[in-house]
Amino acid sequence: MQDAIDALRGRGLSRIESAATADELEAARIDLLGRKGEVTALLRGLKDVPADERPAAGAALNRLKLELTDAFAARERDLRGAGEAVTGLDLTLPGAAPVPLGTAHPLLTVLEEICDIFYGLGYDRGDGPEVELDYYNFTALNFPDDHPARDIQDTFFLSDKTLLRTQTSPVQVRVMEQVTPPLAYVFPGRVYRNENADASHSSEFFQIEGLCVDREISLVDLRQTVDAFVERFFGAGFETRFRPHFFPFTEPSVEVDMQCVKCGGKGCGVCGQTGWLEIMGAGMVHPRVFAAAGYDEDAYTGFAFGMGIDRIAMLKYGVDDIRLLYENDLRFLNQFRGVL
Amino acid sequence: MKISLDWLADLVSWDDTPEVLASRLTAAGLNVEAIETYEQSWPGVVVARVVECGPHPDADRLSLCKVDTGDGEPTQVVCGAPNVRQGLHVLFATVGTVLPGDFKIKKAKIRGVESRGMICSASELGLGEDSDGIIELEDAPAVGTPADELFGHRDTVLDIEVTPNRPDWLSHLGVAREVAAIYGTKLTPPPVIKPPANPGHGWKVEIEDYAACPRYTAHGASGVQVGPSPRWMQNRLLAIGQRPINNVVDITNYVLMELGQPLHAFDGERLASDTITVRRAGRKLSVTTLDDEARPILADDLVIADGDGPIALAGVMGLANSEVTESTTTLLIESAFFDPGLVRRCSRRLNLVSESSYRFEREADWDMVLVAARRALYLLQEHAAAVISGDAVDRSDPDRRPRPDLPLRVHQVNRVLGTDLDLERASDYLRALSLTVQPLSPQVEAKTVNLMVGVPAFRRDLLAEVDLIEEIARVHGFEFDGRSGRQASHHAPVHTREDEVRTLLRRWLPAVGCHEIVTSTFMGRAQLDALGLAELDPRQQCLSVLNPHHGGETLLRTSMVPALVDVARRNLNAGAPAPVRLFELGRVFWPEGDKRQGKHELEHLLPEEPRLLMIGIAGVTARGLGGVPADLVELTGLVDEMAKLLRSELRCVPGDVEPYLVAGLQWEIRDARDRRVGTVGRLGQAAAEAFDLDEPLGLLELDLGRADLTPAPVTYSAFSRFPAVKRDLSLLVPAEVTYEAVSGCVRESGGNLLESLELFDHYTGKGVPDGVAAHGIRLKFRSAKGSLEGATVDRAIEQILVALSEKLGVRARTS
């Protein structure tokens with residue numbers, strides 16, 4: 001039986017291949033697969049095959065039938081398509097879209113990406129003015145007048161009461177003035193420092209601030225939030241650490257380090273051989289800030305954090321000079337096609 | 001703050017490498033930014049004896065010497081020092097030595113005589129300021145001894161970032177306290193004098209204003225011999241970046257760096273009275289400070305004065321009139337406590353930040369005032385032959401209250417930190433930091449005060465319970481599993497329309513070829529002037545920065561046009577292929593705009609900060625339909641597409657608005673309420689020249705805040721499934737008739753079966769009479785009730801043509 005099948009396969013395929021017209025092909029189909037065709041004849045002969053060989057023979061026959069059907073369909077396409085086939089065109093010539101693809105700015109894309117992560121954690125987005133009152137930028141955040149804490153941030157003053165905000169933190173108080181806890185917010189935006197520009201400093205840059213207030217928020221919530229963010233943004237496996245620090249509007253205050261994104265903690269040029277990168281400042285909201293916002297100091301606890309988006313973007317994309325982010329050179333921007 | 005480990009080791013012990021010490025300090029909040037090595041070493045410099053010394057044959061001021069360095073033949077060397085003479089023991093730099101400042105000693109001919117090396121002065125070795133003559137070594141050290149054996153010094157220096165709340169860390173003793181707490185070792189305070197039994201020393205002190213100066217102490221010393229300070233002290237000062245001057249000045253500096261308390265030494269003989277007064281200046285006057293600068297001071301500034309007038313600016317700097325000199329023998333040593341705000345205001349106004357003012361404005365340590373002065377007297381006795389005749393005059397505010405103890409609720413500690421500490425642990429942590437702890441209630445529960453905590457004077461930062469909580473966290477560390485208090489959030493974030501619009505635009509504009517840019521908020525006056533705005537245009541009113549940094553622009557932008565033009569120009573100049581399509585979503589600042597509403601009474605001082613969308617297409621010279629520049633066709637088309645994207649009404653209406661756009665080639669963008677919310681147009685030549693832009697630039701500006709971008713609701717409505725009938729019309733339109741008029745007339749007269757019309761061609765020239773344009777218009781008719789008969793459509797076309805002809809004089813073109 002197997003020999004008969006093999007023989008029919010050879011004969012059938014070559015006959016299909018050599019059919020030059022649709023009529024010849026149809027004749028071949030009737031001879032091979034028709035009701036009185038050769039395949040049908042072999043199927044009928046199955047009953048004479050010994051019972052133990054019959055399943056294998058049946059399967060082989062079925063396979064032959066499908067093979068021949070495919071060969072007929074392929075040959076049919078060839079015969080029908082002959083008229084439209086094209087030769088002589090250089091199909092390696094470049095395509096042309098109506099307009100070449102533009103780009104979103106990587107700095108703002110990172111900003112939106114960070115916001116998206118916090119939306120997923122239930123955060124709202126808030127906003128405040130860039131020209132800010134001294135009150136919101138400093139006083140309400142527990143920077144006393146005539147206090148050296150104000151020197152941490154070199155400030156551009158517009159008058160004795162107004163300035164360019166040095167941080168996104170003033171939005172904390174603006175939001176708390178309007179909203180009763182529980183609340184969780186991010187406030188991204190541009191901030192200003194009166195310092196000279198170099199590869200890692202710009203007098204204008206972007207920050208994102210986070211604020212979460214409820215009755216029993218603890219430092220552990222801050223830690224879990226930071227870890228969730230780092231894992232989501234940079235990927236799993238980076239450890240974080242808290243170092244005590246000082247910010248007037250949080251107490252305790254910490255600086256948050258994560259293991260270096262480049263070397264994973266072994267030490268390299270990016271992390272100054274320490275294996276750690278400082279990525280944000282954070283802490284528990286100072287009771288005086290609650291008081292400034294009109295809250296009962298003892299009723300709530302909360303945490304706040306702030307990070308520089310420029311630095312995060314530079315780490316993410318390996319940008320080694322912050323000025324590249326503000327030059328808007330298309331040779332730079334075009335490298336971020338598809339990053340939206 | 002630079003901390004010398006050599007110095008620190010006098011005060012405390014620890015058993016770790018500098019690197020481990022640094023990381024443990026960092027973990028405790030003293031961020032070590034750098035570990036530096038300080039080294040005084042001069043390989044190649046040795047002790048030599050001048051065996052011969054005579055005049056140079058060809059130069060009056062030079063000497064020709066032979067020096068013995070202990071390795072055989074004496075070496076011939078030319079020396080220019082006035083004090084060189086035979087028999088001196090000197091420091092000699094052999095040929096090949098490299099001295100500080102990369103000064104290489106080579107074999108040389110000086111005025112025709114060979115010289116093989118150099119006899120060194122103190123300044124040439126970086127050992128001091130003296131450059132007038134060579135160092136004369138005392139006690140005749142053996143020739144050939146390396147200079148390093150006599151003067152070499154090696155130290156490791158930690159550069160520590162000290163936050164403004166911790167002035168106690170601005171001293172070696174303060175850092176030593178932290179080291180002692182970390183390693184559990186004992187603090188060894190440096191030696192001080194025993195206070196002399198007899199009171200006073202002849203000087204009197206008066207404080208006129210206790211609020212400005214709550215405490216002032218004066219110590220006297222006589223018989224002082226001013227000279228160089230001991231080598232070890234100089235080395236320590238040099239290691240932390242301080243310049244040695246003389247023993248008296250160095251000792252006050254040394255004590256400041258060691259204990260953190262600023263001292264000032266007056267020359268007692270130069271004071272005009274026995275009484276010195278701490279008072280306000282009383283009137284404006286000019287004084288000369290120790291740095292020889294004339295400084296204007298105001299009536300309200302706090303000064304130290306003798307009978308003749310001010311002798312020091314309190315806490316900031318002494319005055320030249322009472323400065324210690326080489327001939328000083330009597331000293332008055334000031335150690336005081338000044339009001340931090342007063343010192344800060346004076347120091348900032350004079351732009352004079354000294355090591356003193358830096359510490360006083362962070363608040364002095366009350367208990368260190370006397371100790372520091374006694375430490376200085378001890379060192380003056382040892383190293384400046386000072387004689388201490390009587391005890392200090394110590395004046396302080398009689399009404400000053402000791403700092404109250406702070407209550408601590410352990411429940412609150414755990415609430416804020418998420419910890420589960422008991423009373424015992426919390427107390428232990430506080431004691432480890434030299435705080436005293438007095439137990440009250442043992443019950444750890446909400447609102448119950450468990451401890452009263454006594455704070456030593458050096459911890460000026462601990463003012464409330466929350467400060468103690470931070471201290472507990474610092475000692476406990478941050479690596480623990482604790483209690484989270486955040487309720488699972490069932491809150492789905494609310495996105496404002498502003499957020500939605502921004503997100504839609506940022507995703508769409510790149511797809512139509514635009515690159516997003518981020519430009520500066522700052523703008524120069526010249527850039528604004530280039531726009532040629534009318535004098536009364538509100539954008540002429542800019543906020544400006546009072547203290548711009550060097551070379552920076554001062555104005556806050558009122559328009560984003562200049563920045564976009566600049567980016568376009570730079571990219572084209574850098575060879576970017578035209579067209580360059582750019583967009584920016586940014587803020588401008590209009591002080592004359594709508595006033596902000598807010599809770600604070602000063603909110604009206606803030607400018608309006610409208611959010612604008614700018615799009616620019618640079619480098620397009622082609623023309624589109626009807627001869628309109630192709631970039632403007634694209635921009636007005638983008639307005640139509642944007643309206644669809646935002647499901648809002650936005651349309652372009654021809655009209656001149658902006659002086660910097662070409663007249664007759666601009667549009668207003670109007671919103672659903674028919675308000676002008678933006679413009680489209682071509683940058684005019686005057687502005688282009690002012691911006692130095694050679695290529696054409698089409699601009700779109702849209703005020704996203706002002707425009708009504710409320711999205712139309714999305715509701716399905718049934719559509720006709722019957723086929724449409726298309727008809728093309730070729731119309732001859734007189735030049736004065738606009739497409740808008742034609743299309744309006746067609747819509748009006750086309751009946752309710754007319755579904756859409758579209759301009760597919762616009763032609764003037766050959767085959768069309770002068771003063772007439774041929775419009776090719778495609779009309780689509782469709783009925784909701786059934787397939788349309790040709791005759792029905794013919795009747796509609798007929799109506800349209802009659803209306804066009806009667807109302808606008810437009811005729812169908814006959815082929």
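Guide: A residue is called buried if 20 or more other C-beta atoms lie within 10 Å of its own, exposed if 12 or fewer, and partly exposed in between, with C-beta atoms placed from the backbone. By that count, 40% of the 815 residues of chain B are buried. This is a predicted model, in which local features need pLDDT of at least 70, side-chain atom pairs count only at pLDDT 80 or more, and totals for chains, interfaces and linings use all residues. Residues are numbered from 1 along each chain as its sequence is written, while chains are lettered from A and ligands numbered from 1 in the order in which they are written.

Visitor: What radius of gyration does chain B have, and what would a compact globule of 815 residues have?

Guide: The radius is taken over C-alpha atoms, and the globule rule is 2.2 Å times the number of residues to the power 0.38. The rule gives a value near 28 Å, but chain B has 42 Å. Its C-alpha atoms fill a box of roughly 130 × 90 × 55 Å along the principal axes.

Visitor: Why is H12(B) described as largely enclosed?

Guide: Helices (H or I, at least four residues) and strands (E, at least two) are DSSP runs, numbered from the N terminus. Nine of the 12 residues of H12(B) are buried, so the rest of the structure largely encloses this helix. Among them are Val466(B), Leu468(B), Ile469(B) and Arg474(B).

Visitor: How do you know that the span of H12(B) agrees with expectation?

Guide: The expected span is 1.5 Å times one less than the number of residues. For the 12 residues of H12(B) this should be 16 Å, and the end C-alpha atoms are 16 Å apart, which agrees. Just after H12(B), Gly477(B) takes a positive phi of about 90°.

Visitor: What makes E24(B) and E25(B) edge strands?

Guide: Two strands pair if DSSP finds at least two bridges between them. The open sheet has the order E24-E26-E25 in chain B, with antiparallel pairing. E24(B) and E25(B) each have a single partner strand, so one side of each is left without a neighbour in the sheet.

Visitor: How many residues does each chain give to the contact between A and B?

Guide: Residues are in contact if their C-beta atoms, placed from the backbone, lie within 7 Å. Chain B gives 71 residues and chain A gives 66 residues. On the side of chain B, the largest share, six residues, comes from H12(B).

Methods
Contact = placed C-beta atoms within 7 Å.
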